Structures are given as structure tokens and as C-alpha cells.
Amino acid sequence: MAMANKSTEKRIHQEIDHFRGDGILVMRNPFKAILSYRNFAFGGNMAGLAPVEAFSQGLEPVRIGDRKISTWDQFISRSVASWEMLATVWIRGLKRGGVVYYEKLRRDTGPQLLQMAEMLGISNVNKDRLDCVLRHNQDNTFKRSESGPKNYLKNPFTESQHLLILKSIQSV
């Protein structure tokens, strides 16, 4: 997730122009995206975990070792703004393509990939290649296990944070 500002919005428009408005936006549930990005930022890779302190609701920036990090609330505010900007700019800029939800893509990969090909006007999908992708999709070694250990409360979002994210979802 990029920081939401004018230069980021300009860069997103440039990316859309680069692809001539053709593309598929794979959109993730922002609650899960925020948690995942916080873990990624601290863990250093897709399977990493942030320390518990990174999700604390304190008002002061958190110190982890010699690192001073933004509060969980500040992180959420910036991430929600970025998620919303990325989604709205891409959706408005698309000429051909569409939106696919990440969770649905993970759950129902084959049909979603076929739908993505159709969105881009690709009518003849090579079945052998699709089967190969689906076979190798089972290896998720670069992902955190959804059933694995958690480094935050079951719901680390306050009511106001929850409402902020829901408002962003409605806006998109």
C-alpha cells in the first residue's frame, strides 16, 4: 500500500496510461490488507510477522528496538486512504478489464482466472497452462498461514477504525 498523496495518484494514473487502460485490479478486503501490510512491513517478507507492539492502540509512536514506528491508528488512517485511492483511480481509469476480489481468487482460482481472461478479451485459454497454474497454486510457501499464530488480537481494530474502513469500502 502506498501513501495516499498527489504524487502517488499521479503515479497510479501513469501506470494506467502505460497499460492503455487495460487491466485487472485484484482488490483485497481492506481489513485483511492492512493487517497483512503491517506484518509485511515488519517481517520483511510475505510470511513475516510484526511484533505484538506494532498493533497496540497507544497514542505515541512505538519503539521496537531502535526503530520508531507510527501508531497503529496512524498506520490504519494512511493505509485506508491509500487503499481507497488506488481502488478508485484504477476503477475509474479502466477501459477494458475489471475488478477481481483477492479472497475470491484464492478460494475459486480456476473460474476466476477464466473470468479475468474474458475481461481482457482473451477467449482461447490454453487448458494445459491453466492446469499448470492450478497445480502450482497449492504451494503457498511465501504466504502467512491464515490458521497460523496471530500476533494481534482477534479484532485489533477499534470501533472508530472499523467505521473508517467501512466508510472507505462504501466509497469505492
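## Helices α3 and α7

The axes of α3 and α7 cross at roughly 5 degrees and come within 10 Å. Angles under 35 degrees count as roughly parallel, so α3 and α7 are roughly parallel to each other. Please keep in mind as you look around that this is a predicted model.

On the α3 side, the contact is made by Trp72, Asp73, Ile76, Ser77, Val80, Trp83 and Glu84. Facing them from α7 are Gln161, Leu164, Ile165, Ser168, Ile169 and Ser171. Sorted by class, the residues of this α3 and α7 contact divide into seven nonpolar, four polar and two charged.

## Helices α2 and α3

Now for α2, which spans residues 30-43, and its meeting with α3, residues 72-93. Their axes come within 10 Å and cross at roughly 125 degrees. With that angle, α2 and α3 are therefore oblique to each other. The crossing in which α2 passes α3 is right-handed.

From α2, the residues that take part are Pro30, Ile34, Leu35, Tyr37 and Arg38. They meet Trp72, Phe75, Ile76, Ser79, Val80 and Trp83 in α3. By class, the contact of α2 with α3 has nine nonpolar residues, one polar and one charged.

## Helices α2 and α7

α2 also packs against α7, residues 159-171, at an angle of about 120 degrees, and here the axes are 10 Å apart. That angle makes α2 oblique to α7.

Pro30, Phe31 and Ile34 are the α2 residues in this contact, and they meet His162, Ile165, Leu166 and Ile169 in α7. The class count for α2 with α7 is six nonpolar, one polar and no charged residues.

Elsewhere in the model, the second largest pocket has a volume of about 190 Å³. The elements that give two or more residues to its lining are α5 (109-119) and α6 (127-136). α5 gives the most, with four residues.

The residues that line this pocket are Ile24, Leu113, Leu114, Met116, Ala117, Leu120, Ile122, Val125, Asn126, Arg129, Leu130 and Val133. By class, the lining has ten nonpolar residues, one polar and one charged; Asn126 and Arg129 are among the lining residues.

Note on methods:
Residues numbered from 1 in each chain as written. Predicted model: local features only at pLDDT ≥ 70, side-chain atom pairs only at ≥ 80, totals over all residues. Heavy atoms only, no water. 1 Å grid on protein atoms, 1.4 Å probe; cavity = no way out; pocket = protein on both sides within 12 Å on 5 of 7 lines; lining within 4 Å. Points joined across faces, edges and corners; volume = space filled by probe spheres on them. Nonpolar A, V, L, I, M, F, W, Y, C, P; charged D, E, K, R; others polar. Axes fitted to C-alpha atoms, helices over the stretch in contact; angles between N-to-C directions. Parallel < 35°, antiparallel > 145°, perpendicular 65-115°, else oblique. Left-handed = near helix turned anticlockwise from the far one by under 90°. Contact = heavy atoms within 4.5 Å.
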